[in-house]
Structure formats: structure tokens, C-alpha cells
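Visitor: Hi, could you walk me through this one? I'd like the overall picture, then some side chains.
Guide: Happy to, let's look at it together.

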Amino acid sequence: MERVKKVGIIGAGNVGSTLAYILSATTPYEIVLQDKDKDRARGMLLDMFQASCVGTKFTKLGVIASPKDLKGCDVIVIAAGSPRLPGMSRDDLLFANAKVISEIAQNIKENSPEAIVVLITNPLDAMVYTALKETGFNPKQIMGMAGVLDSARMVSFIYEKLQCAPGQIMAPVMGGHGDDMVPLARFSMVNGVPLSELLNQEEIEEIVQRTRNAGAEIVNCLKKGSAYFAPARAAAEMVRAIMSDSHKILPCSVLLQGEYGYHDVVGGVPVELGIHGIERIVELKLNAEEKAQFERSINSVKSLIEALKKDYF
């Protein structure tokens with residue numbers, strides 16, 4: 001009998017628990033959930049299991065009582081850390097969340113060294129770098145969820161303008177997961193039709209700017225906390241792509257080792273995902289303006305990494 005694939009989720013806050021529910025409702029994977037508040041994790045999983053009993057499908061769910069329970073995980077998603085609050089940038093979380101990620105990374109290294117690791121914690125790109133530094137894993141094993149979320153947000157704004165089926169819209173976003181991310185309007189299409197054929201430049205620029213500020217827009221509306229439905233759905237898409245060995249191309253935050261001309265820095269780029277994690281990094285042919293925007297975004301990530309090198313590692 002084929003072994004049931006296992007997903008570990010660390011952090012039972014809004015994002016982690018929503019991700020666990022999405023996977024429990026849509027996949028056959030065994031799911032284990034960890035949180036510093038063990039009662040919260042247990043309560044969440046009891047609720048999810050009872051939800052699965054409404055129909056005919058049961059999902060195997062469990063609480064991670066100790067780091068040893070990470071053993072056997074095929075994919076581990078890290079959704080732990082401090083959330084972004086109104087008035088805060090993603091970068092304000094740097095050192096507090098680096099400490100959280102370092103501890104988790106050591107536990108993964110000791111108990112599940114073969115796992116593929118997907119990070120959601122902000123500031124995302126710097127946290128991916130932290131996990132790579134602390135584990136020493138092959139860079140193909142560790143990636144961040146940002147581009148799938150940012151692209152979905154851009155798609156939603158295009159839909160608002162055009163009112164066409166969202167499933168027909170493709171809108172890639174590259175660069176760091178920050179205010180200078182790079183929404184690629186030139187590569188955006190609706191059922192193969194370039195976005196520039198459907199919207200004027202002013203409308204496209206409005207979409208680009210709103211995509212960059214989408215997270216802050218939600219934070220300001222919620223007052224306490226940040227987005228979680230869309231981040232969880234985006235992470236689930238990555239987990240399914242990896243577990244099914246789909247070789248699906250999705251924008252992910254990964255270590256660049258010469259791609260796009262950058263070394264020893266993490267940034268969002270199109271990636272082919274499969275059972276080994278990052279199967280291939282896809283290099284798009286950017287024009288001069290896109291290259292300049294990408295450089296500015298990568299330099300922002302570099303400044304965070306340099307701060308970590310100076311005052312943390």
C-alpha cells in the first residue's frame with residue numbers, strides 16, 4: 001500500500017489553520033499542525049476533523065506535540081511568527097521573526113532533513129534566507145510563498161476592471177515580497193490577449209500600484225491582523241504542485257545563484273515545482289524597465305539580508 005503523504009504546518013494562527021483546513025478538505029494528505037499554544041492546535045484540528053465527518057471523506061489529522069513529530073513530513077509549511085499590524089511594513093518584523101524561523105529551522109534540520117520547506121512568514125524573502133542559513137539545506141528544498149499570492153491579487157484587480165472570468169487571467173509578479181515588488185503587466189494576459197490590448201496605460205498602472213499595496217489595504221481594513229484566506233490558498237497551491245510532482249510553474253521566493261544576474265540573495269521568480277521542490281528556475285527575458293524594477297526590488301531584499309548578517313547571524 002502506498003504511504004500517505006504527510007504535510008506539517010507550523011503555526012496555527014489564521015494562515016496556518018486556514019491552510020490546514022483547505023488541505024484537509026481537498027487532498028488525501030495526512031496533516032499535522034504545530035503551535036506554541038498546543039490547545040489551540042488541538043482545538044483547530046478537532047474542528048477540522050468533525051467538518052470532514054459531514055461527508056464521506058475522512059482526513060488523518062494530528063497535533064505536533066514535539067519536534068520529533070515532524071519526522072516523515074514530505075512538505076513542511078512555516079506560518080509561525082508575528083503578524084503585520086497597521087502602520088507596520090513587512091520589514092519591521094525582521095529580527096523578531098528571524099528568531100522564530102531559526103528555532104523552527106533547527107527542529108526541521110534535526111527531525112525532517114528531507115522535507116521540502118515552504119515559508120509564509122514575513123519579511124518573506126529574508127525569512128527564506130534565514131531558513132537556508134540555519135538548515136544548510138539544498139536551496140531546492142526551501143522556498144517562500146509570495147508570488148502566487150501577489151499574482152492572485154493582481155488577477156483580482158484586473159477582473160474588477162474587465163469583469164471577465166478570473167480563470168482566463170494570467171498576471172505574474174516578480175521580485176521581493178515588499179512594496180517594490182514587480183507586477184509584470186507586459187506578461188499579463190486574458191485568455192492569450194495581452195493586457196495592453198484591453199486596458200489603457202493609466203488603468204494598468206492603477207492595477208500595478210494596487211497590487212503592490214494590496215496587503216496594506218487589507219491590514220488597514222482589518223485594523224488587527226492581516227490577510228489569511230488568500231495566503232493560505234496560495235500556499236495550498238504550492239503544496240499540491242510539489243506533492244503531485246506536477247512541474248507546474250508558479251512564482252516563488254527562492255535563492256538566486258546566478259539567475260537573472262544575482263547571487264546569494266532571495267527573490268521571487270517563476271519556478272517549476274515538483275517532488276524535489278524547485279525543479280527549475282525560469283528566466284524571463286525582461287526589458288530594460290523591468291530589469292531596473294527587479295534590481296530595485298532585489299536591492300531591498302539585500303538590505304534586509306545585510307542587516308541579518310551584521311546583527312543576527
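**Overall fold and aromatic pairs**

Guide: With 313 residues, a compact globule would have a radius of gyration near 20 Å, and the chain agrees, having 19 Å (taken over C-alpha atoms; the globule rule is 2.2 Å times the number of residues to the power 0.38). This is a predicted model, where local features need pLDDT of at least 70 and side-chain atom pairs count only at pLDDT 80 or more, while totals for chains, interfaces and linings use all residues. Residues are numbered from 1 along each chain as its sequence is written, and side-chain values use heavy atoms, leaving out hydrogens and water.

Visitor: What does the C-alpha trace span along its principal axes?
Guide: About 55 × 50 × 40 Å.

Visitor: And how many helices and strands?
Guide: The chain has 9 helices and 14 strands, as DSSP runs numbered from the N terminus (helices are H or I, at least four residues; strands are E, at least two).

Visitor: How much of the chain is buried?
Guide: 51% of the 313 residues; buried means under 20% relative accessible area, exposed over 50%, and partly exposed in between (1.4 Å probe, protein chains only).

Visitor: Which residues does Ile-108 contact, leaving aside neighbours within four places in sequence?
Guide: Ile-10, Leu-70, Ile-76, Ile-78, Pro-113, Val-117 and Phe-137, where contact means heavy atoms within 4.5 Å.

Visitor: Switching to rings: how many aromatic pairs are there?
Guide: The count is 5. Rings of Phe, Tyr and Trp (its six-membered ring) pair if their centres lie within 6.5 Å; planes under 30 degrees apart are stacked, over 60 edge-to-face, and the rest tilted. One of the pairs is Tyr-129 with Phe-313, which is tilted because the planes are at 45 degrees, with centres 6.2 Å apart. This pair links distant parts of the chain, 184 residues apart: Tyr-129 is in helix α4 (residues 124-135), and Phe-313 is in the segment after α9 (288-311).

Visitor: Are those two buried or exposed?
Guide: Tyr-129 is buried at 6% relative accessible area, whereas Phe-313 is partly exposed at 32%.

Visitor: What about Tyr-260 and Phe-294?
Guide: They form a tilted pair, 5.4 Å centre to centre with 50 degrees between the planes. Tyr-260 lies in the loop between β12 (248-257) and β13 (263-274), and Phe-294 in helix α9, 34 residues apart. Both Tyr-260 and Phe-294 are buried.
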